[in-house]
Structure formats: C-alpha cells, structure tokens
Amino acid sequence: MADAALFEFLHTEMVAELWAQDPDPGPGGQKMSLSVLEGMGFRVGQALGERLPRETLAFREELDVLKFLCKDVWAAVFQKQMDSLRTNHQGTYVLQDNSFPLLIRMASGLQYLEEAPKHPGASPVWTLPGSATCCLMWNSARRLHLPSTNHCLQSLALPP
Amino acid sequence: MSRQANRGTESKKMSSELFTLTYGALVTQLCKDYENDEDVNKQLDKMGYNIGVRLIEDFLARSNVGRCHDFRETADVIAKVAFKMYLGITPSITNWSPAGDEFSLILENNPLVDFVELPDNHSSLIYSNLLCGVLRGALEMIRKLRYTANA
C-alpha cells in the first residue's frame, strides 16, 4: 500500500529525468519528451483499467465516463475530486481543477508559467482516463489552459 | 448504498497500484533508453537519490521521530517507521557486520514488484534500485542537517 506522496515525488523526478534526456531544446524535442511521458501514462492507465472489475467500466453514456474520471480516477490519484465539470452536451467538456496537486508545489509567479506546461501536459495522468475507460476511443483534441500555476483547465472535444 | 462502498474500495485499490504501475512504466522506459542494465541501475539510483533528499523532509515532518543515537536506532527507524509509512511494509533487519556499521534490509513483500516479471536478458538489472537511491539521499541529507545544527 504505497503512500500517496510517493507518487508525487516519483512523478516530479520522472518529468525532470525524461525531459533532461532529450538534447533538442526546441519544440521537436519537447514534443518527443511529452509523447514519451504520455505513452507511459497510457500504459499505466491501461493496466489500471484492466485491474478494475468489469461493472465499473460498463458506462452507459459519455457523461458517465467523465464522471468516473472526475470522481473515481481523480480521487484515486490525487485524493480529491475534480473541482468542476462543464459540458455543452455536444461532445465538448471542460474539466477544471483549482488546486492541481502536481503543480501546487510550484511557487506561483510568472517565471514558473514557462516551466509549468511541462508538468500537466507531461503528466501521465492526463492520459490515464484514456485507458482506464478503454471502452471509448479517445481521439480527443485536448488543449490545456494555465491562467495561473495552480489552476488547470482541460477541454476535451470528443468526436461524434 | 453498495455502489458508494464499491467506489471507495476501487479508489483505494487504484491508488495503491498506481505507484507500482508507474514505477514499472519508468523502469521499462529506462530499459528502452539505455542499452545496458548497469546504466539503468545507475539512473534509478540517481533518481532515487533526488527523491530521497526531498522525501526526508516529508518524513521528518510527518513522523516526529527524534534524533537517533546510534546506527542500530537508525536501522529501526528506517525499517519500522519509514518503510511502514511509505510502503506499508516492515522489512527485516539482518546481517549486521561485526563493526556494527553495515546491515541488510530484507523486503519480504516488495510492493514495487507486484505484477512484475524480469525477462532473461535483464539478469543484472536491479529492479528496485530506486529504493537504494532514496535511502542514500535521505540519509545523506540527515547527516548534513545534523552537522549544520551542531555548527
């Protein structure tokens, strides 16, 4: 039964490590690092999804999937639920977390805004749901908004 | 009512497996990036060290243990307090050297290796080497803190 803090420590170190490896500092290198981290998150999410009982993943509709993500997955990973979930009922969802645990330890201040996108964008957690709810095809367009280092907004546009 | 109860246990289950699975994904990635096991071992140790130097503050803040008076006490605190707090296990302390400056920690149920099988071509990989790094980092920080406090 690993303590929750361990995941946070490990995650920070992983991002630092996998980011540092790429010698290419430009957008090409960044993209590579991001996709490596995303791939890891995807595998973790897939494994987690396999471990859950069948009924948990028997979602009747999209909104159930998002609710599972905001309540169960978030609670399991961050010990808190997502702060708000909004939708236009036409395939676009906005998930908002006002105190995203993986960013909250960074000091708030403009200089860190540049560093911050490495972390949530790189966070394996964003792709966890993609696999934990592997009954859906997640070819979603995701954009990450960071008005401040503690706020995280993610919009998901799901294909029809 | 039962659905709520199920939710709780699912979250807990996911939470405890998350760390194990993430660690597994990390080692897999490192094996891809580095060509030989020795380099992966070194990398895990280095990452563990970086985690350890920060983890020690979290540990001191949460555990309220006082100063250890000798190495045996340190060993006890590591096995019975630290490992219990972070990994939920209590390794056994054995193999004390005659001089009392070396001992072994044996982990019967290492949570890091749940679901893990090492293939034959990675026989010299020290899978849990991160733990060694964490211990090294944490204890080095303790030593530095001690000297600063005494100065």
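Student: In what order do the elements of chain A run from the N terminus on?
Tutor: The order is α-α-α-β-β-α-α-α-α-β-β. Chain A has 7 helices and 4 strands. Helices (H or I, at least four residues) and strands (E, at least two) are DSSP runs, numbered from the N terminus. This is a predicted model, where local features need pLDDT of at least 70 and side-chain atom pairs count only at pLDDT 80 or more, while totals for chains, interfaces and linings use all residues. Residues are numbered from 1 along each chain as its sequence is written, chains are lettered from A and ligands numbered from 1 in the order in which they are written, and side-chain values use heavy atoms, with hydrogens and water left out.

Student: How much of chain A do buried residues make up?
Tutor: 48% of its 160 residues. Buried means under 20% relative accessible area, exposed over 50%, and partly exposed in between (1.4 Å probe, protein chains only).

Student: Switching to rings. How many aromatic pairs over all chains?
Tutor: There are 5. Rings of Phe, Tyr and Trp (its six-membered ring) pair if their centres lie within 6.5 Å; planes under 30 degrees apart count as stacked, over 60 as edge-to-face and the rest as tilted. One of the pairs is Phe59(B) with Tyr86(B). That pair is tilted, at 6.5 Å centre to centre and 45 degrees between the planes.

Student: Which parts does that pair tie together?
Tutor: Phe59(B) is in helix H2 (residues 37-63) of chain B and Tyr86(B) is in helix H3 (residues 71-87) of chain B, so the pair links parts 27 residues apart in sequence.

Student: And Phe59(B), buried or exposed?
Tutor: Phe59(B) is buried, at 7% relative accessible area. Tyr86(B) is buried too, at 5%.

Student: What about Leu87(B), which helix is it in?
Tutor: Leu87(B) sits in helix H3 of chain B. Its relative accessible area is 4%, so Leu87(B) counts as buried.

Student: Which residues form an aromatic cluster?
Tutor: Phe71(B), Trp96(B) and Phe103(B) form one. Arg72(B) also lies over the face of Trp96(B), 4.2 Å from the ring centre. For a charge over a ring, NZ of Lys or CZ of Arg must be within 6 Å of the ring centre and within 35 degrees of the ring normal.

Student: Pockets next. How much space lies in the largest pocket?
Tutor: About 1,300 Å³. On a 1 Å grid over the protein atoms alone, a pocket is an open set of points with protein on both sides within 12 Å along at least five of seven lines; a cavity is a set where a 1.4 Å probe fits but cannot get out; lining residues have an atom within 4 Å of a point. Grid points are joined across faces, edges and corners, and a volume is the space filled by probe spheres set on the points.

Student: Which residues are closest to its centre?
Tutor: Thr74(B), Ile78(B), Leu135(B), Ala138(B) and Leu139(B), out of 46 lining residues. H4(B) gives the largest share of that lining, 16 residues.

Student: How do the lining residues of the largest pocket divide?
Tutor: Into 33 nonpolar, 7 polar and 6 charged. Ala, Val, Leu, Ile, Met, Phe, Trp, Tyr, Cys and Pro count as nonpolar, Asp, Glu, Lys and Arg as charged, and the others, Gly among them, as polar.

Student: And the second largest pocket, how much space?
Tutor: About 420 Å³. It has 20 lining residues, and the closest to its centre are Gly24(B), Ala25(B), Thr28(B), Val116(B) and Tyr127(B). H1(B) gives the most to this lining, 8 residues.

Student: How many cavities of 30 Å³ or more?
Tutor: There are 3. The largest cavity holds about 50 Å³. Its lining includes Phe7(A), Gln79(A), Ser15(B) and Leu18(B). By class, that lining has 6 nonpolar, 2 polar and 1 charged.

Student: Last topic. How many disulfides over all chains?
Tutor: The count is 0, where a disulfide is a pair of cysteine sulfur atoms within 2.5 Å. For Cys68(B), the nearest cysteine sulfur is that of Cys132(B), 20 Å away. Cys68(B) is partly exposed, at 27% relative accessibility.

Student: And which cysteine sulfur is nearest to Cys132(B)?
Tutor: That of Cys31(B), 16 Å away. Cys132(B) is partly exposed, at 41%.
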